[in-house]
Amino acid sequence: ERPLVGRLFEAARAQLGDAYLPPADLTNLCAGAALLPPCEEGARFLLEVALRLQSMERSATTPPRDIVRRLLSIGAFDEQLRKRSESGSPPSIESVVGRLGVSGLARTCHTAGVGLARRANELDPEMGVAACEALARLLPFCWAARQEGRGSGPRGQDGLAFDLGSLRPLFSLLLQRLPALPRPSLERATAATSALAELPGASLEPLLAELLAA
């Protein structure tokens with residue numbers, strides 16, 4: 001018999017289309033999948049959440065805070081798997097990013113990024129930093145996989161798998177808030193923007209350069 005946690009995530013995945021499931025409850029389930037020991041059902045649940053983030057309509061109506069926390073949960077779940085692999089544990093569960101593939105990951109990040117950019121002013125300073133952290137954790141996989149020949153993402157400006165220009169409203173808001181950020185948040189913002197600045201085509205985004213120079 002499957003463990004209780006696995007059965008709970010399987011049931012949660014079946015309820016994703018339920019109009020009565022509040023966004024915050026769905027987000028808390030994502031956080032639970034990221035915090036608990038990884039299981040196959042948790043990976044399937046997060047994959048379905050990631051696929052639903054590809055909908056422009058859902059991205060436009062989902063509160064930005066929930067989008068950020070869901071992206072963070074996907075990254076945290078996969079980070080748990082990576083650490084387990086590095087410690088010598090056999091890789092019995094495929095990562096969410098691996099299940100999405102390059103194209104799927106790029107679509108999820110693009111649609112989520114557009115949704116965040118459109119409603120960036122609804123993000124408090126902490127969640128603005130967290131939004132950059134979430135994208136900085138996931139986006140590098142788009143190019144890493146392409147370079148290793150594992151697929152190709154949707155090509156945007158200059159053949160990129162993701163157009164960083166779509167995040168300009170988010171970068172602009174973060175730039176305005178930098179002077180008032182507490183030191184720990186400022187350090188996190190610097191680390192996230194530095195990671196984004198390493199992506200191909202990032203030099204074309206002047207706001208990223210301003211964030212790094214601030």
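The lining of the second largest pocket comprises eight nonpolar, three polar and four charged residues; here Ala, Val, Leu, Ile, Met, Phe, Trp, Tyr, Cys and Pro count as nonpolar, Asp, Glu, Lys and Arg as charged, and the others, Gly among them, as polar. The model is predicted, with local features requiring pLDDT of at least 70 and side-chain atom pairs counting only at pLDDT 80 or more, while totals for chains, interfaces and linings use all residues. Residues are numbered from 1 along each chain as its sequence is written, and side-chain values use heavy atoms, with hydrogens and water left out.

The second largest pocket holds about 240 Å³ of space. Its lining consists of 15 residues, of which Leu 26, Arg 52, Arg 58, Thr 62 and Arg 70 are the closest to the centre. Two or more lining residues come from each of α2 (23-35), α3 and α4 (56-61). Helices (H or I, at least four residues) are DSSP runs, numbered from the N terminus. A pocket is defined on a 1 Å grid over the protein atoms alone as an open set of points with protein on both sides within 12 Å along at least five of seven lines, and a cavity as a set where a 1.4 Å probe fits but cannot get out; lining residues have an atom within 4 Å of a point. Grid points are joined across faces, edges and corners, and a volume is the space filled by probe spheres set on the points.

The largest pocket has a volume of about 540 Å³. Among its 26 lining residues, Asp 78, Leu 81, Ser 95, Gly 98 and Phe 141 lie closest to the centre. Helix α5 provides the largest share of this lining, eight residues.

One cavity of 30 Å³ or more is present. The lining of the largest cavity is formed by Pro 125, Gly 128, Leu 170, Leu 173, Leu 174 and Arg 177, and α9 gives the most to it, with four residues.

The structure contains one aromatic pair. The ring centres of Phe 9 and Phe 45 are 5.7 Å apart and the planes are at 40°, so the pair is tilted (centres within 6.5 Å; under 30 degrees stacked, over 60 edge-to-face, the rest tilted). Phe 9 belongs to helix α1 (residues 4-14) and Phe 45 to helix α3 (residues 40-52), 36 residues apart. Both Phe 9 and Phe 45 are buried (under 20% relative accessible area, 1.4 Å probe, protein chains only).

Thr 111, in helix α6 (residues 96-118), counts as buried because its relative accessibility is 5%.

Technical notes:
Buried means under 20% relative accessible area, exposed over 50%, partly exposed in between (1.4 Å probe, protein chains only). Rings of Phe, Tyr and Trp (its six-membered ring) pair if their centres lie within 6.5 Å; planes under 30 degrees apart count as stacked, over 60 as edge-to-face and the rest as tilted.
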